[in-house]
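Open the model in a viewer with selection by residue number. The tour below goes stop by stop, and each stop says what to select.

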Amino acid sequence: MNIKKTFQDSERAVSPVIGVILMVAITVILAAVIGTFVLGLGDQLGQNANAGVSIDEPNSSYVTVTLVSQGNVDLVTVNATDNSGTSTNGTLKEVGETVTVKHGNSSVQIIGDIGGEKTVLRTYEP
């Protein structure tokens, strides 16, 4: 029996098998990348709202919110509800604007708006 001829046949099959596996892997990766662009799956990711606000409490019933940094939001809304259930809202559109809302002892929500999508930036608890 010739050992050289026995192993020579099995070595020839390794290279084509590896080549086929690599070609299939490359095809699958390319199909996935092209599919994400065609279907627009990357466009569905939203942005996180990012804005800087300063909160001051001039007295125990009121809170003053100042827009310090616009970030990537279109506007900032301040929502508060006092003890009687009356809701007070204010809107900040430009850096330096200030709004004062009556909160009683309830929380105040500062909400950022990016293209109509609202995100809570901060909640103030008295």
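**Before selecting.** This is a predicted model, in which local features need pLDDT of at least 70, side-chain atom pairs count only at pLDDT 80 or more, and totals for chains, interfaces and linings use all residues. Residues are numbered from 1 along each chain as its sequence is written, and side-chain values use heavy atoms, with hydrogens and water left out.

**Stop 1: the whole chain.** Colour by pLDDT, the predictor's confidence in each residue on a scale from 0 to 100. The mean for the protein chain is 81, and 81% of its residues reach 70 or more. Confidence is lowest in helix α1 (residues 3–12), with a mean of 58, and highest in strand β2 (residues 62–69), at 90.

Switch to a cartoon: the protein chain has two helices and seven strands. Helices (H or I, at least four residues) and strands (E, at least two) are DSSP runs, numbered from the N terminus. Read from the N terminus, the order is α-α-β-β-β-β-β-β-β.

Now show the surface. The accessible area of the protein chain is about 8800 Å², and carbon and sulfur atoms hold 57% of that; the method is Shrake-Rupley with a 1.4 Å probe, and for residues only the protein chains shown count as cover. Of the 126 residues, 22% are buried. Buried means under 20% relative accessible area, exposed over 50%, and partly exposed in between (1.4 Å probe, protein chains only). Among contacts (heavy atoms within 4.5 Å) with a separation of 6 or more, 46% are between residues 24 or more positions apart.

**Stop 2: the open sheet.** Select β3, β4, β6 and β7. These four strands form an open sheet in the order β4-β3-β6-β7, with antiparallel pairing. Because β4 (87–92) and β7 (117–124) stand at the edges with a single partner strand each, one side of each has no neighbour in the sheet. From one strand to the next the twist averages 25°; axes are lines fitted to C-alpha atoms, for helices over the stretch in contact, and angles run from 0 to 180 degrees between N-to-C directions.

Two strands count as paired if DSSP finds at least two bridges between them. Strand β3 (residues 75–81) is joined to β4 by six bridges.

Stop 3: Select residues 52–59, strand β1, which pairs with β2 in the antiparallel sense over six bridges. The two form a hairpin with two residues between them. I55 has V65 in β2 as its bridge partner.

**Stop 4: T119.** Which residues does T119 touch, not counting those up to four places away in sequence? They are A49, I110, I111 and G112. T119 lies in strand β7 and is partly exposed, at 29% relative accessible area. A49 is 70 residues away in sequence, but the C-alpha atoms are 6.2 Å apart.

**Stop 5: the salt bridge.** Finish with D113 and K118, which form a salt bridge whose closest N and O atoms are 3.2 Å apart. The rule asks for a side-chain nitrogen of Lys or Arg within 4 Å of a carboxyl oxygen of Asp or Glu, and it gives a count of one. D113 is buried, at 10% relative accessible area, whereas K118 is exposed, at 55%.
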